[in-house]
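The sequence and structure are shown first.

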Amino acid sequence: MNVQELTNKVRMEAEDVKRIGLPLYAFPQKLQDIIFEVSRIEQFDLEYLTLSMLSAAATAIGNSCHIRIRGSWKSCPALYVILIGKPGQGKTPPLDYAFRPLQEHDFLLVSKFIEENKRYAELNAGNKGNAIDTDKPVLVQTILSDLTQEAMMRIHNDNQRGIVILVDEIMGFFNSIYRYNDSPLLTQLLTAYSGKPLKVSRCNNPVPIIIPHPCINIIGTTQTQRIGELFTKENVSSGLIDRILFLHPKNRDIPKMEENPDVGSQGNDKAESVYRKWKAIIDKLLSLEPDYDEKGVIMPKVLDMNENAYKCFAKWKNALIENANSIEDERLIDSRMMKADSNVARLALVFQLLGWACDEIHMQHIDVRSVQAAIRMYDYLELSYQSIKSHIQTDSMPPLKKAFLDLVHPDFTTADAIKAGAEIGICESTVKKDLAKMCEEQILQKTAHGVYKKLL
């Protein structure tokens with residue numbers, strides 16, 4: 001263990017990172033140092049900041065690089081992320097910080113567009129209405145906050161590298177999808193996540209917009225009490241929920257403001273110095289240049305996993321498959337875990353290129369360390385998902401069912417359940433039906449014949 005690793009290990013213990021389970025040790029050393037410094041200076045929550053930075057990095061990489069998962073199955077690094085917490089818990093500031101370099105990048109593109117458009121208009125005016133042999137300038141944007149399906153497609157078509165839908169209160173965005181029954185935006189997002197081409201026809205233009213390699217990131221925040229709105233039957237059955245990475249921090253205290261005025265004013269210089277380091281990482285990722293074919297269609301560079309990385313990935317995936325194969329009732333198979341490989345592969349690509357951007361590793365292929373980091377990060381985020389799922393199920397559970405679950409032990413038998421049901425006036429036949437239903441709802445797990453385990 002080198003000095004930097006030892007320093008970060010001490011910091012992790014001091015910041016109580018071990019207790020919250022955040023696998024910061026999986027990140028490049030340089031980025032670990034930045035995360036700790038930003039968290040200390042800005043008083044940001046480590047968990048929100050870390051995942052926001054991963055999302056920003058995935059956006060910066062975009063379609064410049066893809067990862068080959070197996071054979072012809074390749075994926076861009078796009079992530080769907082939701083940061084969850086109580087009001088005032090500090091979700092938005094670290095999100096804004098992480099995406100600030102990309103906001104500045106967009107501002108530069110806007111300035112460039114304004115100048116080019118001005119020159120184009122001057123050329124047109126001086127040419128007395130005749131056609132000029134110069135393409136009309138196109139505004140390239142990366143960050144979208146308020147959009148329609150057609151606007152999203154148009155903007156993505158102009159920026160083939162990729163876009164991010166960044167919304168502070170993301171439930172408003174998802175609810176707007178269902179404002180009209182015929183809205184295809186959800187279908188487009190699911191299609192984009194799967195890496196299939198997007199196509200939309202416009203009535204005012206006979207030529208449809210076709211995006212061969214969609215790369216759409218999504219990240220936003222919401223309050224704990226609102227996240228249940230997302231878990232509709234349609235969103236669950238469509239697979240949208242299975243594709244989203246949820247962060248519900250273990251540390252849910254609202255952070256107090258530092259009372260020492262020296263901390264508040266210490267350092268604009270120090271804060272700016274640390275920010276420049278983060279910006280340099282994002283700028284290096286943005287500097288990755290993809291190829292384009294003769295028709296101007298982006299051709300992402302594809303990184304393969306090396307032998308050890310692929311073995312690690314396959315071993316992890318096969319463990320999930322073995323678990324699924326051991327379940328006789330297919331209704332009880334966790335669809336989310338069977339789709340986990342896409343997010344783990346994407347995270348592995350992001351970790352590899354973050355290491356390259358920090359000048360710590362190469363970008364010739366995906367190393368085993370990046371795959372291991374991705375698995376650890378996904379496992380950590382799955383604990384968040386289980387936490388928020390438990391919250392939603394408990395919050396929406398009928399009082400009688402809550403009372404029943406309070407009466408049985410974490411592990412119990414059918415006989416125990418019948419006894420508990422009798423205490424609150426539920427008959428034996430109803431108890432048995434409810435046990436089967438609660439297993440389907442993943443409130444309970446049947447561990448053996450007549451034996452159950454509470455999952456909430």
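## Largest pocket

A pocket is here an open set of grid points with protein on both sides within 12 Å along at least five of seven lines, and its lining residues are those with an atom within 4 Å of a point. The model is predicted. Its largest pocket has a volume of about 930 Å³. The lining of this pocket is made up of 29 residues. Those nearest the centre of the pocket are Val236, Lys389, Gln393, Glu440 and Glu441.

Helices H9 (233-238), H10 (240-243), H14 (335-338), H16 (368-396) and H19 (428-440) are the elements that give two or more residues each to the lining of the largest pocket. H16 gives the most, with five residues. Sorted by class, the lining of the largest pocket has twelve charged, eleven nonpolar and six polar residues.

## Largest cavity

Rolling a probe the size of a water molecule over the atoms shows where empty space is left. How many cavities of 30 Å³ or more does the structure hold? There is one cavity of that size. The largest cavity has about 50 Å³ of space.

Leu320, Asn323, Ala324, Ile327, Ile333, Asp334, Met337 and Met338 line the largest cavity. H13 has the largest share, with three residues. By class, the lining of the largest cavity divides into six nonpolar residues, one polar and one charged. H14 is also among the elements that give two or more residues to the lining of the largest pocket.

## Five-stranded sheet

Five strands make up an open sheet with parallel pairing, in the order S4-S5-S8-S3-S9. Strand S4 (143-144) and strand S9 (244-247) are at the edges and have a single partner strand each, so one side of each is left without a neighbour in the sheet.

The partner of S9 is considered here in more detail. Strand S3 (residues 80-85) pairs with S9 in the parallel sense over four bridges. Within this pairing, Val81 has Leu245 in S9 as its bridge partner.

## Three-stranded sheet

A further open sheet has three strands in the order S13-S15-S14, and its pairing is antiparallel. The edges are taken by strand S13 (411-413) and strand S14 (444-448); each has a single partner strand, so one side of each lacks a neighbour in the sheet. From one strand to the next, the twist averages 35 degrees.

S14 pairs with strand S15 (residues 451-454) in the antiparallel sense, over four bridges. The bridge partner of Leu444 in S15 is Lys454.

## Strand S1 and its partners

Strand S1 (residues 65-70) pairs with S12 and with S2. With strand S12 (residues 301-303), S1 pairs in the parallel sense over three bridges. With strand S2 (residues 73-75), S1 pairs in the antiparallel sense, also over three bridges.

In S2, Ser75 stands opposite Ile67. The hairpin of S1 and S2 has two residues between the strands, and Gly71 takes a positive phi near 55 degrees there.

## Helix packing

Two packed helices are described by the angle between their axes and the distance between the axes. Helix H3 (residues 29-42) packs against helix H4 (residues 46-61) with the axes 10 Å apart, at an angle of about 135 degrees. H3 is therefore oblique to H4, because angles over 145 degrees would be needed to count as roughly antiparallel. The crossing of H3 and H4 is right-handed.

The axes of helix H18 (residues 414-423) and H19 come within 9 Å of each other and cross at roughly 125 degrees. H18 and H19 are therefore oblique to each other. H18 passes H19 in a right-handed crossing. H19 is also one of the helices that give two or more residues to the lining of the largest pocket.

Definitions and conventions
Residues numbered from 1 in each chain as written. Predicted model: local features only at pLDDT ≥ 70, side-chain atom pairs only at ≥ 80, totals over all residues. Heavy atoms only, no water. Pairing = 2+ DSSP bridges. 1 Å grid on protein atoms, 1.4 Å probe; cavity = no way out; pocket = protein on both sides within 12 Å on 5 of 7 lines; lining within 4 Å. Points joined across faces, edges and corners; volume = space filled by probe spheres on them. Nonpolar A, V, L, I, M, F, W, Y, C, P; charged D, E, K, R; others polar. Axes fitted to C-alpha atoms, helices over the stretch in contact; angles between N-to-C directions. Parallel < 35°, antiparallel > 145°, perpendicular 65-115°, else oblique. Left-handed = near helix turned anticlockwise from the far one by under 90°.
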